[in-house]
Amino acid sequence: MDGVTTTVTTNRYGDYTLEYNTTHVGLNNVTAQFNGDDTYNSAKANSTYNASKIITYVKVDDVSGVLGDNITLHATVTDEFGTKVTGGQFVFKVNGLTLRTNGKFESTGKAMILSPVNGTVTVTVIADKYLRSAVNITGAYGENSKYYS
């Protein structure tokens, strides 16, 4: 699979199980081959399987603070299996506006792109007047070759 050769041992019925973490999303080819021995002839079989991207879940913690103080935004990114996600792109949003590199939501600068580490994303910003009207604090994880957004 994925160009990797793996040796497995069968049970007495010729069955085997192999768990494999694929690196290729989409259609994958598998070849099972037995080279034969003194008792059995060689055999070869081909098959395919379809690997799909993994669903992600984002949970943003509630936050409170005082105007002018530093506040920390914290989010957790996990996949559909409960595994904490590392890597990829993440942005915080307040009332639909994206956090910018200048630490503000109400600006036209570049988006502040963060990356989860062991499922955690944090950033500290100064609580400004815009945040007084914060009703909806969310986060968005960007789709990539492994994960859905």
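Reply: The second largest pocket has a volume of about 320 Å³. A pocket is taken on a 1 Å grid over the protein atoms alone: it is an open set of points where a 1.4 Å probe fits, with protein on both sides within 12 Å along at least five of seven lines. Its volume is the space filled by probe spheres set on the points, which are joined across faces, edges and corners. The model is predicted, so local features need pLDDT of at least 70 and side-chain atom pairs count only at pLDDT 80 or more, while totals for chains, interfaces and linings use all residues. Residues are numbered from 1 along each chain as its sequence is written, and side-chain values use heavy atoms, with hydrogens and water left out.

The lining, meaning residues with an atom within 4 Å of a grid point, has 17 residues in this pocket. Nearest its centre lie Asn21, Thr22, Ser52, Ile54 and Lys146. By class, 8 of the lining residues are nonpolar, 7 are polar and 2 are charged. In this scheme Ala, Val, Leu, Ile, Met, Phe, Trp, Tyr, Cys and Pro count as nonpolar, Asp, Glu, Lys and Arg as charged, and the others, Gly among them, as polar.

Not counting residues up to four places away in sequence, Tyr148 touches Lys53, Ile54, Ile55, Thr56, Tyr141 and Glu143, where contact means heavy atoms within 4.5 Å. Tyr148 belongs to the segment after β8; strands here are DSSP runs of E of at least two residues and helices runs of H or I of at least four, numbered from the N terminus. With a relative accessibility of 37%, Tyr148 counts as partly exposed, a class that falls between buried (under 20% relative accessible area) and exposed (over 50%), computed with a 1.4 Å probe on protein chains only. Tyr148 and Asn136 are 12 residues apart in sequence, yet their C-alpha atoms are 22 Å apart in space.

Two of the residues touched by Tyr148, Lys53 and Glu143, are also joined to each other by a salt bridge, with their closest N and O atoms 2.7 Å apart. A salt bridge here is a side-chain nitrogen of Lys or Arg within 4 Å of a carboxyl oxygen of Asp or Glu. Because Glu143 lies in the segment after β8 (137-141) and Lys53 in the loop between β2 and β3 (56-60), this pair ties together parts that are 90 residues apart in sequence. Glu143 is partly exposed, at 46% relative accessibility.

How many salt bridges does the whole structure have? The search finds 3. In another of them, Lys59 meets Asp61 at 3.0 Å, N to O; Lys59 counts as exposed at 52%, whereas Asp61 is partly exposed at 26%. Lys104 and Asp128 form a further salt bridge, at 3.8 Å, N to O. Lys104 is partly exposed, at 39%.

The largest nonpolar core has 22 residues, and Phe90, Phe92, Leu99, Phe105, Val121, Val123 and Leu131 have the most contacts inside it. Such a core is a set of buried Ala, Val, Leu, Ile, Met, Phe, Trp, Tyr and Cys residues joined through side-chain atoms within 4.5 Å. Two or more of its residues come from each of β4 (70-79), β5 (90-94), β7 (120-126) and α1 (129-132), and β4 gives the largest share, 4 residues. Leaving aside neighbours within four places in sequence, Phe105 is in contact with residues including Leu73, Phe92, Leu99 and Leu131.

For comparison, the largest pocket holds about 850 Å³ of space. Its lining has 22 residues, and Val8, Tyr16, Ala32, Gln33 and Phe34 are the closest to its centre. β1 (26-34) and β2 (43-51) each supply at least two lining residues, with the largest share, 5 residues, coming from β1.
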